[in-house]
Amino acid sequence: IASPLLTVTAMGMADIARDLADLHWTLTTPDLAPVAAAYGQDAAGRLNAKGEATGALSAPRLTGALTAEALRVGANRLGAVSLSHDVTLGDAPAGRIALSARGGPLGAADIATDFTLADDVLTVTDLTARALEADIAGRAVIDTADGLADADLTLNAPNLATLAPVFDALNLGAPPQGAIRGDVALRHAGGKQNADLTLTADRVAAMGYGLGRADISAAARDLLGAPEATGTLRAERISGPDGLAVALVTLDGTGTDLTGAPVLRAKLTAEGLEGPGGIGVQTAALDGEARDLTGTPAADLDFSLRGLTGPGGVTAARITGQATGADLTGDPAATLRAAIEDMSAGDAAVARVDLTADMRGLDRRRRRGHRPARHADRAGPARRRRPAWRDHGARGRGGRARRPADRRDRGRGRRRRGGRDAVAAARVGQGAARRA
């Protein structure tokens with residue numbers, strides 16, 4: 001068959017009685033553009049295919065190759081793409097398939113594997129893939145009836161600078177530096193699909209941030225049912241814009257009921273934090289939980305910071321506290337309790353400052369465009385307001401402590417409008433304010 005659009009040839013024989021096949025074919029398309037246009041698609045390039053079927057007609061061996069040259073799909077230029085196969089059909093099809101690309105956005109890219117399909121079980125062996133100088137290798141056994149798999153995959157990307165084409169396409173700036181390697185293991189037991197991941201990154205730098213080393217370990221259980229996950233992270237020598245630096249970060253997290261009412265728990269610690277303007281923290285620790293994230297989200301957080309420094313010589317030995325939030329996507333409410341210990345600035349020093357804040361009706365206030373509540377000197381409307389963090393019970397001239405707040409102060413620090421509340425207070429410990 002010959003036409004300006006394509007040329008097809010076929011020859012050979014098929015003997016049903018003797019169960020024999022010897023068939024050969026070719027297909028050539030000099031220009032894909034008019035063919036693609038006939039189906040409403042925008043594509044161009046040249047297409048060549050050849051193959052043969054030999055052996056038993058009931059289980060033929062199919063070999064061949066399909067090659068596209070100067071291939072373009074829309075605005076994407078894919079270069080030359082070739083698909084080759086050597087497959088034997090029958091009760092248990094098996095063979096090898098390979099795909100290669102040259103001149104496309106990924107440069108030289110190759111993927112190949114051997115496979116066997118028998119009794120609804122697909123076995124993939126000698127799987128290899130390579131693109132942008134990164135390699136993936138592994139094997140897998142997949143039960144096509146229930147979708148469960150046993151697999152092992154390894155990733156090795158020794159030079160992330162080869163991701164430059166991807167960063168250019170996404171306008172992400174300079175290409176990254178560094179190396180990544182990792183392993184993925186899939187296992188199933190008791191009808192549940194499980195997975196484990198380990199990943200290591202060395203000397204990574206991208207988009208203005210740097211990382212000396214990071215080790216990640218994660219495990220997921222029952223991925224196709226009621227998934228749960230745990231994970232750990234250890235990252236060293238983190239750097240960023242404006243002098244940001246962190247010597248060490250560790251993170252431990254868990255997630256349960258991830259497709260129902262998810263609950264996430266995490267513990268994070270950081271050491272040697274430095275930031276712009278002389279900001280520094282020797283150690284920081286966060287311990288939090290978020291619940292019912294797809295329903296009525298709520299969260300709790302405990303935090304602790306030690307060895308703080310700030311602009312102008314401000315220092316504090318420790319900040320500790322707790323924060324809670326409820327109905328975060330409905331009518332949010334939040335509370336904050338915090339204590340600052342041994343704080344100093346210049347010649348002034350305070351042994352302890354306690355901070356409290358209670359906020360309710362935040363969603364309604366936001367919808368109506370109200371400004372954040374600030375309290376007045378007395379309950380109700382006032383001509384003079386002071387910030388919510390000013391002290392009610394301990395403010396005095398020269399930092400001298402005043403009498404503690406009593407019931408007469410109950411209205412102070414509260415601003416109520418249309419059912420919305422925001423209460424805040426700060427208290428300097430009795431006798432703690434002093435001048436060094």
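The structure is a predicted model, in which local features need a pLDDT of at least 70, side-chain atom pairs count only at pLDDT 80 or more, and totals for chains, interfaces and linings use all residues. Residues are numbered from 1 along each chain as its sequence is written, and side-chain values use heavy atoms, with hydrogens and water left out.

The protein chain contains three helices and 24 strands; helices (H or I, at least four residues) and strands (E, at least two) are DSSP runs, numbered from the N terminus. Of its 436 residues, 27% count as buried, where buried means under 20% relative accessible area, exposed over 50%, and partly exposed in between (1.4 Å probe, protein chains only). The chain exposes about 25400 Å², of which carbon and sulfur atoms supply 59%; these accessible areas come from the Shrake-Rupley method with a 1.4 Å probe, and for residues only the protein chains shown count as cover. Among contacts with a separation of 6 or more, 39% involve residues 24 or more positions apart, a contact being defined by heavy atoms within 4.5 Å.

The average pLDDT (the predictor's confidence in each residue, from 0 to 100) is 84, and 83% of the residues score at least 70. Among the elements, strand β10 (residues 149–157) has the highest mean pLDDT, 97, whereas strand β24 (residues 433–435) has the lowest, 43. Over residues 372–419 the pLDDT is below 50, and this stretch has 80 contacts in the model beyond near neighbours in sequence. The pLDDT is also below 50 over residues 430–436, a stretch with 17 such contacts. Where pLDDT is low, the predicted coordinates should not be read in detail.

Two strands are said to pair if DSSP finds at least two bridges between them. Strand β13 (residues 209–221) pairs with β14 in the antiparallel sense over eleven bridges. The two strands form a hairpin with six residues between them, and Asp222 in the turn has a positive phi of about 55°. Strand β14 (residues 228–239) pairs in turn with strand β15 (residues 245–256), again in the antiparallel sense, over ten bridges. Here five residues lie between the strands of the hairpin, and the turn residue Asp242 has a positive phi of about 60°. Ala235 of β14 stands opposite Ala214, and its bridge partner in β15 is Val249. Arg234 stands opposite Thr250 in β15. Strand β15 also pairs with strand β16 (residues 263–274), in the antiparallel sense and over eleven bridges. In this pair, Val246 has Leu273 of β16 as its bridge partner. Six residues separate β15 from β16 in their hairpin, where Asp257 in the turn has a positive phi of about 50°.

The structure holds 23 salt bridges, each being a side-chain nitrogen of Lys or Arg within 4 Å of a carboxyl oxygen of Asp or Glu. Arg318 and Glu341 meet in one of them, at 2.9 Å from N to O. Because Arg318 lies in strand β19 and Glu341 in strand β20 (residues 333–345), the pair ties together parts that are 23 residues apart in sequence. Arg318 is partly exposed, with a relative accessible area of 25%, whereas Glu341 is buried, at 19%. Asp15 forms a salt bridge with Arg18, with the closest N and O atoms 2.8 Å apart; Arg18 counts as exposed, at 56% relative accessibility. The side chains of Asp354 and Arg352 meet at 2.9 Å, N to O; Asp354 is partly exposed at 24%, and Arg352 is partly exposed at 34%. Salt bridges that share partners also join Arg181, Asp202, Arg213 and Asp215 into one network.

Thr315 lies in strand β19 (residues 315–326) and is partly exposed, with a relative accessible area of 29%. Not counting residues up to four places away in sequence, Thr315 touches Leu308, Thr309, Asp342, Met343 and Ser344. Its side chain is joined to that of Ser344 by a polar contact of 2.7 Å; a polar contact is a pair of N or O atoms within 3.5 Å, and within protein one must be able to donate a hydrogen and the other to accept it, while residues adjacent in sequence count only if both atoms are side-chain atoms. The C-alpha atoms of Thr315 and Asp342 are separated by 8.0 Å, although the two residues are 27 residues apart along the chain. Thr63, in strand β4 (residues 61–73), counts as buried at 16% relative accessibility. Leaving aside neighbours within four places in sequence, Thr63 is in contact with Lys50, Gly51, Glu52, His85 and Asp86.
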